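Hi,

Here is the structure I promised to pass on. Have a look at it first, and my notes follow below.

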Amino acid sequence: DHYFVPASNAKLFSAALALTRLGAAFTFQTRVLAETPPDELGRVRGPLRLAGGGDPNLSARAVPYRMGPVTGNPLAAIEDLADQLVASGVRRVDGDIVGDDTWYVWQPYAEGWAVDDPQSDDGPPISALSLADNVLTLSVHPGAAIGDVAALSLLPACEFYRIDNRVRTVAPGGERRIYFQRIPGSRDAQLWGAIPLRDRGLDLLIGVEDPAQFAAQALKTALARRGVAVSGSAIAEHLFPDALASLDRAPEPAPLPGIELARHVSVPLIEDLRIIAKVSQNLHAEMALRAVGRARRHVGSFEAGMAEMKTFLAEAGIDPAGYNLLDGSGLSRLDLVTPSTVLKLLRYMYHSPARDQWISILPVAAQDGTLGSRFGGTAAAGRVYAKTGTLSHVSALSGYLQRPGGAWVAFSILVNNYGGQTAAEVRGVMDRICTLILE
């Protein structure tokens, strides 16, 4: 009954909420709208609106989930939309490409996130129009000769930041030291350090400052490759919090105006819940919370999602004094829960109609997700279904064990404020507790 920072064990709450409130078959739609259809010359008068609907998987990630690195084209969904536009007759756009993420309120960061979280893939901005997890992969390789600046490449190949590259190529065998800095809110980034000649290179994962504008730029580029001229720019349109009378409930908003020229429909929600839980995907968990708010309260905001969360947890018999959640992912250092609260949630979901789907989203010991390399060669392999959680000085593991006799046990182990031990040592103790429960 003591409070602990749960780290990514908070995803148990947002995933359970989304599965219960939206259902496993729920889907998201991303659309391209125009004010008028293309004329006989293929010209669209006015802007093209790329309207996000909260799809978290406009990316190269394999769906359904499978172990292994993310490969493929991160812009595949955008390429498909561009193909549909050309097929609909679009040859020229006399206007801007508008990245519209107004399906959710523009609240890009949660309370309690660290200032450096948005620089990386840990905490990229939360948007209803999210492309490639709102992350750019910046690859740094040595130049052609000693003294040359490092060679840079981006995936997706989309110029978005102004990068001041001061990484120098040094003699083979030297130390690789590469540093990156970007102040949140700025498009200016600094890269400095040294990389040895013939070094294998380094990939840096960088959060995208404005996902909606980034997606609009990607669509504009995709259209240009297909010979479609666009006279305007790639811009973003957001729904700011001050535009709403209330952030936790509203009347159903009017649909976006315009004629639909292209559409992408997501995979069923259950597939993304597996990604959220198994790889601990922060952005997707935040989007799931807002998807519930939008579907149930007509506001895609943190406040609406959390209001629905409180109602859901009350239905599960959970005392509001047992938790204080300020985001959907667990990245916030201000989140607090008690282990008994986690157990009540686990018990509720185990006895719910969605039990089998719920257990299926969790990492499995020695088999997949964040437990793929844990419990190997032990009696717990294949018998622990649990969500991990990691922050500085925080380690968590909560879920279920299936005993050899068939009985299921729910457990929650939350560890905070350790200093003398390494994270691996703490995880070892937690894993040993699990094997003892099995015995």
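Let me start with glutamine 119, which is found in the loop between E5 and E6; helices (H or I, at least four residues) and strands (E, at least two) are DSSP runs, numbered from the N terminus. Before going on, the caveats: this is a predicted model, where local features need pLDDT of at least 70, side-chain atom pairs count only at pLDDT 80 or more, and totals for chains, interfaces and linings use all residues. Residues are numbered from 1 along each chain as its sequence is written, and side-chain values use heavy atoms, with hydrogens and water left out.

Glutamine 119 counts as buried because its relative accessibility is 18% (buried is under 20% relative accessible area, exposed over 50%, partly exposed in between, with a 1.4 Å probe and protein chains only). Not counting residues up to four places away in sequence, glutamine 119 touches Phe180, Gln181, Arg182, Leu205, Ile206 and Gly207 (contact means heavy atoms within 4.5 Å). A polar atom of the glutamine 119 side chain also lies 3.3 Å from the backbone oxygen of arginine 182. That is a polar contact in the sense of a pair of N or O atoms within 3.5 Å, where within protein one must be able to donate a hydrogen and the other to accept it, and residues adjacent in sequence count only if both atoms are side-chain atoms.

The other glutamine I looked at is glutamine 84, in helix H2 (residues 76-87). With 24% relative accessibility, glutamine 84 counts as partly exposed. Its side chain makes a polar contact of 2.9 Å with the side chain of aspartate 80. Leaving aside neighbours within four places in sequence, glutamine 84 is in contact with Leu261, Ala262 and Arg263.

Now the pockets. A pocket here is an open set of points on a 1 Å grid over the protein atoms alone, where a 1.4 Å probe fits, with protein on both sides within 12 Å along at least five of seven lines; lining residues have an atom within 4 Å of a point. The largest pocket has a volume of about 1,000 Å³, a volume being the space filled by probe spheres set on the points, with grid points joined across faces, edges and corners. Of its 38 lining residues, Arg61, Asp121, Asp133, Leu205 and Gln281 are the closest to the centre. E17 gives the largest share of that lining, 5 residues. By class the lining has 14 nonpolar, 15 polar and 9 charged residues (Ala, Val, Leu, Ile, Met, Phe, Trp, Tyr, Cys and Pro count as nonpolar, Asp, Glu, Lys and Arg as charged, and the others, Gly among them, as polar).

The second largest pocket holds about 570 Å³ of space. Among its 27 lining residues, the closest to the centre are Gly52, Thr102, Trp103, Pro253 and Arg294. Its lining has 17 nonpolar, 7 polar and 3 charged residues, and E5 provides the largest share, 4 residues.

Finally, the inside. The largest nonpolar core has 58 residues, of which Phe13, Leu345 and Trp358 touch the most other members (a nonpolar core is a set of buried Ala, Val, Leu, Ile, Met, Phe, Trp, Tyr and Cys residues joined through side-chain atoms within 4.5 Å). H1 gives the most to this core, with 8 residues. Apart from it lies another core of 46 residues, including Leu204, Ile206, Ala212 and Ala215.

Cheers
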